[in-house]
Amino acid sequence: MELPQTQFDVLQCLGTAAEPMPITKLVSALAVDQAQVMAACTLLQDSGYVRVAEQPYEEYRLGPAGEPFVEAALPERVVVGVLAACGGRCPITAVPEHCELDAGQVGGALRWLNQRNWARKEGPDLVLGEGGRTASDKPEPDELLIKALAGGRVASCAELEAEGLPVKEAMAVLSKRKGFVTVKERTARTVELTDAGRQLLAAGVRGRRQVTQLTPELLADGGWRDVDLQPYDVTLAAKRLHPGKEHAFQRTLDRVRRVFLEMGFEEIVSPWVESSFWDFDALFQPQDHPARDMQDTFYVARPDRTKLPDEALVARIQATHENGGDTGSTGWQYRWNRELASKPVLRTHTTAATIRALARHAQGRPGKYFIIGPVFRRETVDYKHLPVFHQVDGIVVDPYASLATLIGTLTAFYQKMGFPKVKVTPSFFPYTEPSAEVNLYMESRGEWVEMGGSGLFRPEVTLPLGITDRVLAWGLGLERLAMMIHNLKSVGDLYFATMPWLREEPLCRS
Amino acid sequence: MPIIDMPVDTLLAHVRAGGGAADLTAEDLVELLPRLGCEVDEVAQTQQYLCGVCGKIYDRTTAQGAPMSCSNCGTDFRAAPDSLEDLGPNTVLRLDMLAVRPDIFDPGGMARYIRGFLGIETGLPHYTLSAARLTVKVDPDLSNEDSRRPYIACAVVRNVRLDHASIKLVMNLQEDLHWALGRDRKLASIGVYDLDTLEGETFHYDAVDPDGLRFVPLGFSPGEPDSALTPREILARHKTGQAYAHLLQPFQKYPLLRDGAGTVLSMPPIINSEATRVTLQTRSFFVDVTGLSQRAVDRALNIIVTSFKEIMPRIDVECVIIEGPEGVRITPDLTPTAMTLDVPTAAATLGVELNTGEFAELLEAMGHGVEEGGQADRLTVLVPAYRHDVMHPVDLIEDAAIAHGYDNLNPELVPTFTLGRPRLIEEQAATARRIMTGLGFHQVMTLVLTSEEAAFRKWRTEPGDNIVRIENPISTEQTICRPTILPGLLETLAINKQYDLPQYLFEVGDCCLLDDTVETGAREERFLAAAMIGSHVGYADIRAVADAFVHEMGRECRIKPIEHASYIPGRAAGLYDAADRQIGLMGEVHPEVLENYGLKHPVSVLELSLERLLAD
């Protein structure tokens, strides 16, 4: 049979005691702190091995007013000494001349002189009484008590009485003298073994050590078997950890990327600094289109020119713009300028990348391409707009490409992105016809939200590149999507991130 | 993209005119219009205001408030509050319109579109034109480079009866066409005048000396002194003149339109004259469109006269003879354009199984004419003269799709199988991010545009000659493409000065480098950048990160000391590959740099080219 070590130590210590032991004695005998000993006693009591008895008592200690009188005589005794020396009578006002007291202290002593019957006032004089003549013979009980409590001693009534002090008589006087003695109510606890406890000891109970930390030493020698590992309050929180994390926007971009790869698309890339040829002209955007203004597009000063693709292609694009070329279109009916086509811009959309991919694509095979990347627009900066943002563009080159398969592909794409309800309506883009605007139902807002455009590339775009299959195309802005998914108010939250957001934003949002 | 206010009651009245759709409601319109390509932003209650000077009417929401000045004649309503009259409340649909369909910007054209779509009146609308009585002679000088505005088309409109609503429609249509079709008046601009104020049967469109004559422009009062201005003075002193001065300023001579008696109608594309302006009493219009594109000019006139005819059915549109340097034309010419549609191609493009007859019906519902007879799987489609957007049969195919309803198509996937193919650098970048998050770093994403100040001077270096620079930046903070990611990281640390330390940040992203060997003169390269800030952060910490990173990416590199102005001397190193090419650098950031960012704790950084590290 085993008991936790402290409980065993208490039991063993009590076993040697003939009578109930005060807790304080137990504590000093075991050299363990009071709280642990009390806890052990309580547990032993609960188990029926000890009995804890409580005895209230009063604890006495000298107060600040009483301390000086450990050495000094009480004022009334000093006055008695003066009266005795003056033949038993002295004018009150003259008393200070014969001792160290001042008039105030003499006045204060009058009450006590009266009470003890040591002197009384007669007119202007103080007259020594019967009691006063014999007062010097012996100290009063209260004086004894004061001296007994010298040196900051704290003692109980019982202790003092055991020393022969008349505590009650002393307190009868001292309790009226403010600040002389302070009294505290206390409880003395004693512990003793019960019969069961005695039997347990006799049966050879052993103590079992309690530890907090499982150490390599305990493991090494198997000592862990002989100790108790203290339980913890497991409901308390530990310190806060912030794992390194990918940016929330990165996770959105990765999700878009994964959807495209799962749908069989090839990832492509194109340069930020793009020729006007690929950014605008190859997409049948006329050279006087407002989007090409200095207002809306960033032109690049350095490098200041780009190369153009092969002459034959440039000539086909020129013809297409001017009169439709071989595409069956009327074209824009204006004069196309080569110089403008080689002006570099920061690409205004990722469609520049997909059109380059289309130019590289060999007609006759199916192809699916996508790109995610930054694009640049010269727009006033506000909470929704920055001069650079991210887009994704996808194209499908296929003999079965049609408006119906465009809608089917968009629906599949957005469903894989987590938006089950998709709706398209007619729209306009310069390089697609038919064109469609894509709307998604946002459960969190309870409304349809426009999310990007789509369409079939116009023949003016595909035929000059040698592509006779129809081509589906769609794109969307990704900051907007990320702000909706991550519940952000401003696009600046993504690019000027705060540590609290980086640290607190959970990796997984349901 | 342009936002148009379409008055609900007027539109409903026009749709219902002539029978059919008697119980069409505003709610029906809100449901119908997106299917026609017109997004309904909102149904707005507006207040109508009248400019007493030129008759223009404004629809304004409570948020917008009353107009402060007239966009037509330039009158300042704050200076002359009596010239603005409050006409009372109105309900409009705020529509986000297809920019290429200016023929439906007004209630007349829109009603025509809706009536066709609902099947009330299908096929090519027919508009009668009366024979021309007036001629406009065009000065050959207008084709010169120094006064170039050569194209003009005109029409006469008789039997006009106007009220505030119809004047408003006329003026709004002009403005909307200026924007959508005229490229803000450059390619085409429109003037409408009271014909009864004009004399003679031959008008003149000339290039004149900007200082040679005077007339009173619209909005100025003839009784006032100094109200007659020369063309050059108008550009300087009239509000509309100032707004559009850029269209004429480079010229030696300015265009001017005058009647047989020499009265000025207008100085295109700037401003009409006060004398010829349209009022409630006007009974006949003269309309001109001038511009730099024959096609735009003709289309604009076609749209105007046909929309006027829809809004005011009793008018009589009369042609005008234009005698120009290249010959004689009669405008407006409302002859439809014939275009051939291959039906099997159309069906395959849409992904539907519809036959020739069914396609014919769809196109007629969209206001086209379809010729009788012809081959079994081909249609000859007659496209109305007011359609500006039909350049190729695909434009007709889209119309057919709209009439059929995008919602009525069966969504499908293309049946062909293709393999997804990721780019290696993206996979490698993802691995790089994984390594850095495993080391306890938080990823940030910063702007790829920066400035010389942020990327160089704050780092105690000077910008070199080899950075990609924007010609027309919109802000001083974004003038170059970033050649390094580190400034963005330190800016993020600066934003986060008050939060717990240490902070470890990284970014994996592209930088843009000048390269004259590539097609567009610059290319992107993928970099890793990392920054550590904390009371006890130093070289040893960033070095440990760099070593771990390089090892986890399966590579090795050499470390050699470097001196670099941005780093504490003796505490910076370069990373080099086996061929001794520098891959990156790292070190303790110089205290002056930290001061420039307002940072109060030491920072160590690393930046390396992922692509150079991983090159084989």
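Modeller: For residue classes, Ala, Val, Leu, Ile, Met, Phe, Trp, Tyr, Cys and Pro count as nonpolar, Asp, Glu, Lys and Arg as charged, and the others, Gly among them, as polar. This is a predicted model, where local features need pLDDT of at least 70 and side-chain atom pairs count only at pLDDT 80 or more, while totals for chains, interfaces and linings use all residues. Residues are numbered from 1 along each chain as its sequence is written, chains are lettered from A in the order in which they are written, and side-chain values use heavy atoms, without hydrogens and water.

Biologist: How many cavities of 30 Å³ or more does a search of the whole structure find?

Modeller: A cavity is a set of points on a 1 Å grid over the protein atoms alone where a 1.4 Å probe fits but cannot get out; lining residues have an atom within 4 Å of a point. Here the search finds two of 30 Å³ or more. The second largest cavity holds about 60 Å³ of space, a volume being the space filled by probe spheres set on grid points joined across faces, edges and corners.

Biologist: Which residues line the second largest cavity?

Modeller: Among them are K245(A), W501(A) and H442(B). The lining divides into three nonpolar, three polar and four charged residues.

Biologist: And the largest cavity?

Modeller: That one holds about 80 Å³, and its lining has six nonpolar, two polar and four charged residues, including R101(B) and Y386(B).

Note on methods. On a 1 Å grid over the protein atoms alone, a cavity is a set of points where a 1.4 Å probe fits but cannot get out, and a pocket is an open set with protein on both sides within 12 Å along at least five of seven lines; lining residues have an atom within 4 Å of a point.
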